[in-house]
Amino acid sequence: MILSQFVPMGSLCRWLGLVCLLLIGVGWGSLGMAASPTKIAPEALSPAVEVIPHTPQAVAQQRLEAIGEAMQTIRLCNRPNCRYRDISVEVRPILGTDTDPTLEYEGTINAIIDRPSGSLDKAHYRLQFRQGRWQLLGGEEVSDVSSFFFEGDTYEVFSTYSTRSRKEKLADARSSLRVGYRELYYRVFDQGQER
């Protein structure tokens, strides 16, 4: 059987022409889409990609998180697992005061100190972000037998073994004093100033 017996030749040509035109259009459209770059949001490609805005607060947050990561390398006693863990950081914007207009953010670092003791030792540190750098202001470390309070380069210790507190400079402290703040103050920071 011949197709022209059922369909007139003119309409068959038109029909084939439309199909060819449609196929050519789809082909050209595909090539055009492949040739023209389109911007696709990174989230669409991979949900694991995190786009962080470069706002001043985001930069301060990233830098404080980097300080928290550096704290993980500090050993606080001779045991290999005697380290900081569960480190969390927080950044809050503050307005500069009349006496100090350079003050931009304040931050805190909280952590657990893994030591061979019967209770969890905790650390809390206070920081300020001014003139583009974090500064370590002070903090405290509390264990089951002692409490250390830090302000700049000095510390005061309260022990359950003594009725008196002792106040000293970090630089004058005995080398056996294993507090995280001293390591943070000198090794991660440069005498309390972000490196």
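**Notes on the salt bridges and the core**

1. Let's start on strand β2. E106 comes out as partly exposed, with a relative accessibility of 29%. Keep in mind as you look around that this is a predicted model.

2. Who does E106 pair with? Its salt-bridge partner is R92, and the closest N and O atoms are 3.3 Å apart. R92 is partly exposed too, at 26% relative accessibility. Since E106 sits in strand β2 and R92 in strand β1, the pair ties together parts that are 14 residues apart in sequence.

3. Now look at R126 and E151, another salt bridge, with 2.9 Å between the closest N and O atoms. R126 belongs to strand β3 and E151 to strand β5, so this bridge ties together parts 25 residues apart in sequence. R126 is partly exposed at 31%, and E151 is partly exposed at 47%.

4. Next, R85 bridges to D86, with the closest N and O atoms 2.9 Å apart. R85 is partly exposed at 31%, while D86 is exposed at 55%. Across the whole structure, the search finds 9 salt bridges.

5. Finally, the inside. The largest nonpolar core has 32 residues, and those with the most contacts inside it include I67, Y125, L136, L184 and F189. Among the elements giving two or more residues to this core are helices α3 (56–71) and α4 (180–188), along with strands such as β1 (84–93) and β2 (103–113).

6. Leaving out residues up to four places away in sequence, L184 touches I67, M71, I74, Y125, L136 and F189.

Key: Residues numbered from 1 in each chain as written. Predicted model: local features only at pLDDT ≥ 70, side-chain atom pairs only at ≥ 80, totals over all residues. Heavy atoms only, no water. Core = buried A, V, L, I, M, F, W, Y, C linked by side-chain atoms within 4.5 Å. Buried < 20%, exposed > 50% of the residue type's maximum accessible area, 1.4 Å probe, protein only. Helix = DSSP H or I, 4+ residues; strand = E, 2+ residues; numbered from the N terminus. Contact = heavy atoms within 4.5 Å. Salt bridge = Lys/Arg side-chain N within 4 Å of Asp/Glu carboxyl O.
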